[in-house]
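Reader: I'm new to this one. Can you walk me through it?

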Amino acid sequence: MDFASFIGIISGIALIVSAIFLGSSDFSIFINIPGIMIVIGGTIAATLLTFQFKDTMAALRAMFIVFAQDKQDPQAMIATMLQLTKIARREGLVALSRVEADSPFLKRALGMASDASDEEYIRNTLQADIDSLKMRHFVVQDVFKKMGTYAPAFGMLGTLIGLIQMLSQLDDPETIGPSMAVALLTTFYGSLLATVIFNPIAGKLKARTILEIQTLEIIRDGTVSLLGSNNYLAVYERLSSYIPAHQRKPAGIGGGE
């Protein structure tokens, strides 16, 4: 589990709930079923109207990725490509086809390299895969960004409905205070969903996409490097440029053997 995401959402909800209990002992005043229906139902309806159904479902499935342990590690992928450099140097490019790889992208790249495909063809093909992944992930992130916009908007819409109902009963002054509180609850619901759930999820998915793209670009450039040169240090210098200088691990001793 990604504890940063888990701690973030739990602490955010806990702080809001604590503030509610510290200010009032009656938690029931923050519960309004019509307001919840307006905000959640309206947000879902507007999202389905904006995106295709399959994209919306993909976004909902992506929510679980936020709490999953991050498995993308550019440093580890650089180390893998350096090991492949050793194999290509000792046994030739054909040996790369026998390498077991968990990543389908890496497996495809090694297959093209072992077939002695043209360097430009490999680069363009892998780049097309990366661009396609960017687009798919962008749509998923955009779903949550739009939901983060729609939720406060429907919250305000619910507040306007409540105000209209309140103003229609001005002949009874005692109902103004409670009616105003109920009217403002929908704005509270919309802001809560946007700031605690939708926008943070969109941001975390974007960060994971950046890391995944960085890893795929390392595979792309590493594979192209295998075709042009099997020099261990040359491959290391090229791939390590993806990592900040203060975070780079040494190339290792005996890497070019």
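**Pocket and rings**

Author: Helix H6 gives the most to the lining of the largest pocket, with four residues. Helices here are DSSP runs (H or I, at least four residues), numbered from the N terminus. The model is predicted: local features need pLDDT of at least 70, side-chain atom pairs count only at pLDDT 80 or more, and totals for chains, interfaces and linings use all residues. Residues are numbered from 1 along each chain as its sequence is written, and side-chain values use heavy atoms, with hydrogens and water left out.

Reader: By class, what is in the lining of the largest pocket?

Author: Six nonpolar, four polar and six charged residues. Asp, Glu, Lys and Arg count as charged; Ala, Val, Leu, Ile, Met, Phe, Trp, Tyr, Cys and Pro as nonpolar; the others, Gly among them, as polar.

Reader: New topic. Which residues do ring pairs link into a cluster?

Author: Phe30, Phe188 and Tyr189. Rings of Phe, Tyr and Trp (its six-membered ring) pair if their centres lie within 6.5 Å; planes under 30 degrees apart count as stacked, over 60 as edge-to-face and the rest as tilted. That rule gives two aromatic pairs. Phe188 and Tyr189 have ring centres 5.9 Å apart and planes at 55°, so this pair is tilted.

Reader: Is Tyr189 buried or exposed?

Author: Tyr189 is buried, at 9% relative accessible area. Phe188 is partly exposed, at 26%. Buried means under 20%, exposed over 50%, partly exposed in between (1.4 Å probe, protein chains only).

Reader: And how much helix is there over residues 5-23?

Author: Residues 5-23 are 100% helix and 0% strand, with end C-alpha atoms 27 Å apart. A strand is a DSSP run of E, at least two residues.
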